[in-house]
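Dear colleague,

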Amino acid sequence: MIETILFYIFAMIMVVSGLAILVSTNIVRMAYWLIGMLLAVAGIYFLLGAYFLGVVQIIVYVGGVAVLVVFGVMLTSRQLASQLLPRAWEVVWLICVTGIFLAGLVRMILKGPWAGNVKQSPQTVAEIGRSLLGNFIGPFELASVLLLVVLLGAAYLARPRVPTLGIKK
Amino acid sequence: MQTFERPKIEYTGISKTIAEIAVVVAKIAGPILRRLAWFVFFGVIIFGCAFVWAVGRFVNPLVPWIVRDIIVVAGGLGFVSLVAMVGIWGERKVSGHIQSRLGPMRTGGWHGWLQSLADGLKFVQKEDLIPASADQPLFRLAPYIALVPVICAYVVIPFGASWVFRDRDVSLLFVLAMLGIEVLGVILGGWASNSKWSLYGAMREACQLVSYEIPMGLSLLVPVMAVGSISLVQMGKAQSGGWFNWLMFQNPFLFFAFFTYYIASLASCKRAPFDLPEGESELVAGFHTEYSGFRFVMFFFAEYAAMFAVSAIATIVFLGGWNSPVGDATSGPLWFVAKGMFLVWVQMWIRWTLPRIRIDQVMHACVKYLLPFTMILFVGSSVWQLYGSQFIFYTRFILGGLGLVMVGLFLAGAGYGYVNRGRLVGRLARKHLPGA
């Protein structure tokens, strides 16, 4: 009973803030609506008993990415808002892509094989740790290598274009 | 000559009611409290002990969970407010004594102990100014984003073995996540004010927090590896028995991890020497330059609540939490609060001792020194887990002895200061004290 009510509250927050991201033209407000949506998703994870997933959602998305979004966004000028309105041909493309995506999602939700009862473990963290370093060690290590590559790439892109070392003026 | 006359506004609504009630209460209770200050002081301590006993005896075993939850949430909110009030008063007293002043002395009689309450009432009556060019809704929202997550963090902090609102196996991560959200409020407040001072403060906060989160997390991983759990209750239970069982004294890496965590936590609470987001000498008041009245109080409250939250994590993870240093007989929430408040006091001590550092020095200290050091601690601790278990007896007593020597030196210094307390404040200042 109370879980159903909470689910609808979180779902409503998600839908409203998702729409608000699209409607608002101020880029910082968009970022904060996005944070609201991510927090509501974390709330649904908590409701499902997936505490680790919910907390990681908050730390990674809200605490990390959103801080970086806000940090980058604050450096842009406030006149950017008018440029963010899509043009007519862009709208057509957007409708096509999102329509196909929505159709796929709806079909998956309606026809997909949903597991009836998911086994709930009281020690989620320990089991996640065991499976990350047990069965799924390959994908886990690949993901960490990918992140390292991203880190190096970002450092490469962010350094000054012209190497100044050894060049005399 | 034309003079500008301020339009007269009759204030109505809840703030006026609060102010009126406060004036009536102060008129009646003020003289009584002033006369009975010592009784109030000891009464609060006795009441605290009685409350601790009553909660353990009657509230914890309650069957209807909603009743228990309401009581515990009310108690938690009260505790956070009390911590913030005592913290703000203590900050002013500590700063005063370090600078050879007395700090607040008048309000309430005994050493100005009612000063925070008087300040709070003053702030309630202040006008709520919002700059015309500010982003109104975001400006109003920011203090709530700063305050609410910090209070949420107290949901999973255990005050005792069974003294926790919700015991989940991710509680350590949950507290870190909530402290991470708090920063968003600060950044938002700085941006929405539409003032360059505020924006600079917010930028510094974002910059500093994103970099200091990494050493903080890494130094918390060291005790997590030693215990094998990220549940705060499990970590506290693993350290019962006496001071030499505390995680800080288990191996040399944990001993240093406590200090790296403490430095990083200073940065995450924007305490000096990392209080660049509100550098008064450069940025007026940093991110809360444009805030006035109760919105400013909310930022202030959030800072002091966060100070106790990070100190509580340090207490549970490194210093044994609610376990008493001598045996298990006296373990309980009072030990936890005492250790946490001691660490909060150390934060104040550091703030009024060290000068503020520049932003490039902050980043330099993090990336070039703190981060590699915590990585060495992390790797060293994992090697110790494999091969170090045969030295556990010696390390416990060597490091525990070192801890005892530190406490002894601290007590000796405090005693020296107490004996020579007359030298701190000049005779002129003492002559004008109430009751001199």
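**Contact between chains A and B**

The contact is made by 19 residues from chain A and 20 residues from chain B, two residues being in contact if their C-beta atoms, placed from the backbone, lie within 7 Å. On the side of chain A that touches chain B, at least two residues each come from α2 (27–47), α3 (51–74) and α5 (124–132) of chain A. Of that side, α3(A) gives the most, with twelve residues. Helices (H or I, at least four residues) are DSSP runs, numbered from the N terminus.

The model is predicted: local features need pLDDT of at least 70 and side-chain atom pairs count only at pLDDT 80 or more, while totals for chains, interfaces and linings use all residues. Residues are numbered from 1 along each chain as its sequence is written, and chains are lettered from A and ligands numbered from 1 in the order in which they are written.

**Domains of chain B**

An automatic or database domain assignment gives domain 1 (11–125) and domain 2 (128–418) in chain B. Their centres, taken over C-alpha atoms, are separated by 24 Å. In chain B, 18 residues of domain 1 are in contact with 23 residues of domain 2. To the side of domain 1 that touches domain 2, α3(B) gives the most, with 13 residues.

**Helix α11 of chain B**

Helix α11 (residues 293–318) of chain B has 26 residues. Because 24 of these 26 residues are buried, α11(B) is largely enclosed by the rest of the structure; buried means that 20 or more other C-beta atoms, placed from the backbone, lie within 10 Å of a residue's own. Just after α11(B), Gly320(B) has a positive phi of about 80 degrees.

Technical notes:
The expected span of a helix is 1.5 Å times one less than its number of residues. A residue is buried if 20 or more other C-beta atoms lie within 10 Å of its own, exposed if 12 or fewer, and partly exposed in between; C-beta atoms are placed from the backbone.
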